[in-house]
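Hi everyone, thanks for coming. Let's take a look at this one together.

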Number of protein chains: 2
Amino acid sequence: MDSATAREQALDAAEKLFYGRGIQSVGMDDIRGTSGVSLKRLYQLFPAKEQLVEAYLERRDVRWRGRLAAHVERHTDPERRLLAVFDWLEEWFGEEDFRGCAWINSYGELGARSERVADQVRAHKRAFRDYLASLVTAAGLPEALTGSLYLLAEGAMVTAGITGGTRPAAEAREAARSLMAAR
Amino acid sequence: MDSATAREQALDAAEKLFYGRGIQSVGMDDIRGTSGVSLKRLYQLFPAKEQLVEAYLERRDVRWRGRLAAHVERHTDPERRLLAVFDWLEEWFGEEDFRGCAWINSYGELGARSERVADQVRAHKRAFRDYLASLVTAAGLPEALTGSLYLLAEGAMVTAGITGGTRPAAEAREAARSLMAAR
DNA sequence: ACCGTAGGAGAACGCTCGTTCTCGCGTCAA
DNA sequence: TTGACGCGAGAACGAGCGTTCTCCTACGGT
């Protein structure tokens, strides 16, 4: 098995376990068991657990925003594209293994102790907000709307994570629609 | 020192440390050092750390909702009372030791592993949402508004926790005002 | 004064877990 | 064929921490 493959398998295991059970409760030995990558190899690829955590969050960030953007791209009407964000949240919330927002969860777990993780969470959230802002601008809507829609999306993510179910996404979408109509 | 006092001091230390640094990174020895209550006494009062955590969350829940309600009580106009929720969030976010919503953080840390903690978080959030619903009803506004305002408040809490600052509260209040005006 | 008990300080125990080390095996170049 | 090397399996090490135990002191009732 070459390094690139081992790395991917390690990250696959990390994502599955860290996201599903939390970061602190997953040991490097669990990663080894799930990934099939030996401890020696793991430590060659990632000198410490913290770096595996960072790589996990970074890869997930790229994929998460990619999936969101891909969904939005399916629409052309600018206002429809904004609402598509909430459609996608609903789809995401409904996935079998959905356990809330990985960054909000990680922040609750490590934000107080790891500045690196805290920075990654802030960067991810800023990127998401910037993306929303670009959609708002493209739709010719007032910039101030960005903050409202962002808060609705964050509220939906945290609520869906805690209570389960997809309803928060639908509620957020309706609120968003109403705010957009109010101009 | 009598039992009641020891219990209060233990809970004071637990709240300060658990909220400030996260639950898992605080040891029972830290609680002892901060509270001045000996380990033996701590284990008499709380047979295991998990029970101290539960007591911490429960006492904080009562106080948090009490403070919110007290702030809302200062107003009589029903719509003003709803907006006062966001005023209070802004005040809370601005406090020196604010580190986000204790329940969202705890859920990120322990929600996947402790059903008890997960239940407490859900109960707290349900109580908050029910309270919002009662304010919405009292103001003669449509029930559907509750979900929107709740998501705005949750989004503001999680965002203020991650990025710091009080701005999310102001943004949420403006969005809430707009939604209430849209009827 | 004397005993029984409660309580404090802190050592001790057992477990988990991040990280490193040992050992043995297979591979490949010369 | 041989020897150096990479790698996997898993033991080992060391730290942190939840929990319990030991020992000692203080005090209240008789």
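How much space lies in the second largest cavity? About 60 Å³. A cavity here is a set of points, on a 1 Å grid over the protein atoms alone, where a 1.4 Å probe fits but cannot get out, and lining residues have an atom within 4 Å of a point. The volume is the space filled by probe spheres set on the points, with grid points joined across faces, edges and corners.

Quick housekeeping: this is a predicted model, where local features need pLDDT of at least 70, side-chain atom pairs count only at pLDDT 80 or more, and totals for chains, interfaces and linings use all residues. Residues are numbered from 1 along each chain as its sequence is written, chains are lettered from A and ligands numbered from 1 in the order written, and side-chain values use heavy atoms, without hydrogens and water.

Back to that second cavity: its lining includes C101(A), M157(A) and Y107(B). The largest share, four residues, comes from α8(A); helices are DSSP runs of H or I, at least four residues, numbered from the N terminus.

The largest cavity holds about 70 Å³, and α8(B) gives the most to its lining, with four residues.

Now the DNA. A phosphate oxygen is 2.8 Å from a side-chain N or O atom of S38(B), while a base oxygen is 2.7 Å from one in K40(B).

How values were computed
A polar contact is a pair of N or O atoms within 3.5 Å; within protein, one must be able to donate a hydrogen and the other to accept it, and residues adjacent in sequence count only if both atoms are side-chain atoms. On a 1 Å grid over the protein atoms alone, a cavity is a set of points where a 1.4 Å probe fits but cannot get out, and a pocket is an open set with protein on both sides within 12 Å along at least five of seven lines; lining residues have an atom within 4 Å of a point. Helices (H or I, at least four residues) and strands (E, at least two) are DSSP runs, numbered from the N terminus.
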